Amino acid sequence: MSARLIEIRWHGRGGQGAVTAAKMVAEIAADRGKCFQAFPEYGPERSGAPIVAFTRLSNDPIQCYSAIEHPNVVLVLDETLLGVVDVTDGAPDESIIIVNTDKTPEELLKKFSFGGRRLMTVPATKIAKETLGRAIPNTPMVSALSKITGYFSLDEIEEHLRYTFGKKFPDKVVEANVEAAKRAYEEVQG
C-alpha cells in the first residue's frame, strides 16, 4: 500500500456482512501497522435493507472523519443494488468497481453503466454457498479486493482468518472461510 489515503466504499444489504468486511480489511491493515478507519452508515436497520460501509487505509494518521464521497474502490455485495443505488456516485474515473455476481463484466456492462471505471466481478455468493453453506459473501469479497488492488496478500487474509475467526469459530468454519478466500482470489474477473 502506498502512503496515499485509500478509500473503500461497500454497498450491501443487511445480513450480507458488508460491515464485517469493512472491519476485516481495517484489521488486516492494522496487523500490518497501517492506519485505518472502518464504519457503517445505516438506513433502515433490518435484514435485507441497503447499507453502506466504509474503510480508509493509510501509512499515515488519517485526519478525515466523514463518509467516503470519492472512493478508490467500490464493492457491491448484492448485484440487485445496481438497479437501486448509484454505486458509482462520486467515484473518480480511475476507481475500481467490484460486483458480486455470476455474470462477467461484459454482461453487466450491457445492462448498467459504470462510466468507464474499471469493472471486476466475482461470484462471491456462489463461492460462499459452496464453501460455507451460507450466502454470506463478505470473505470472498475481501479476497477479491486483495487480488485486484494488491493492498494486502492472500496469505495475510488467511493468517487473519485463522487468528481472528479461530478465536470464535470451530476449525471447520475457519477453514471454509479460508477456502472461500482462495477461490475468490482465483475466480475474480475483469
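This note sets out numbered points on the sheet, the cores and selected side chains of a predicted model.

1. Basis of the values. The model is predicted: local features need pLDDT of at least 70, side-chain atom pairs count only at pLDDT 80 or more, and totals for chains, interfaces and linings use all residues. Residues are numbered from 1 along each chain as its sequence is written, and side-chain values use heavy atoms, with hydrogens and water left out.

2. Sheet order. Six strands form an open sheet with mixed pairing, in the order β2-β3-β1-β4-β5-β6. β2 (35-41) and β6 (118-122) are the edge strands; each has a single partner strand, so one side of each lacks a neighbour in the sheet. From one strand to the next the twist averages 15 degrees, with axes taken as lines fitted to C-alpha atoms, for helices over the stretch in contact, and angles running from 0 to 180 degrees between N-to-C directions. Helices (H or I, at least four residues) and strands (E, at least two) are DSSP runs numbered from the N terminus, and two strands pair if DSSP finds at least two bridges between them.

3. Pairing around β4. Strand β1 (residues 6-13) runs parallel to β4 and is joined to it by four bridges. On the other pairing, β4 (residues 73-76) and β5 (residues 96-100) are also parallel, again over four bridges. V73 of β4 stands opposite I8 and has I96 as its bridge partner in β5, while L75 stands opposite I98 in β5.

4. Nonpolar cores. A core is a set of buried Ala, Val, Leu, Ile, Met, Phe, Trp, Tyr and Cys residues joined through side-chain atoms within 4.5 Å. The largest has 40 residues, of which I8, W10, L75, I98, V122, V142 and L145 touch the most other members. Helix α1 (residues 18-31) gives the most to this core, with eight residues. A second, separate core of twelve residues includes V74, A91, V99 and F114. Leaving aside neighbours within four places in sequence, L75 is in contact (heavy atoms within 4.5 Å) with I8, R9, W10, H11, I98, M141 and L145.

5. N100. This residue lies in strand β5 and counts as buried at 5% relative accessibility. A polar atom of the N100 side chain lies 2.8 Å from the backbone oxygen of L77, and the side chain of N100 also reaches the backbone nitrogen of A124 at 3.0 Å. Beyond four places in sequence, the contacts of N100 include V76, E79, V122, P137 and M141.

6. Aromatic pairs. The count comes to two, where rings of Phe, Tyr and Trp (its six-membered ring) pair if their centres lie within 6.5 Å, and planes under 30 degrees apart count as stacked, over 60 as edge-to-face and the rest as tilted. F39 and F54 form a tilted pair, 5.1 Å centre to centre with 35 degrees between the planes. F39 in strand β2 and F54 in strand β3 (residues 50-58) are 15 residues apart. F39 is partly exposed, with a relative accessible area of 22%, whereas F54 is buried at 2%.

Notes:
Buried means under 20% relative accessible area, exposed over 50%, partly exposed in between (1.4 Å probe, protein chains only). A polar contact is a pair of N or O atoms within 3.5 Å; within protein, one must be able to donate a hydrogen and the other to accept it, and residues adjacent in sequence count only if both atoms are side-chain atoms.
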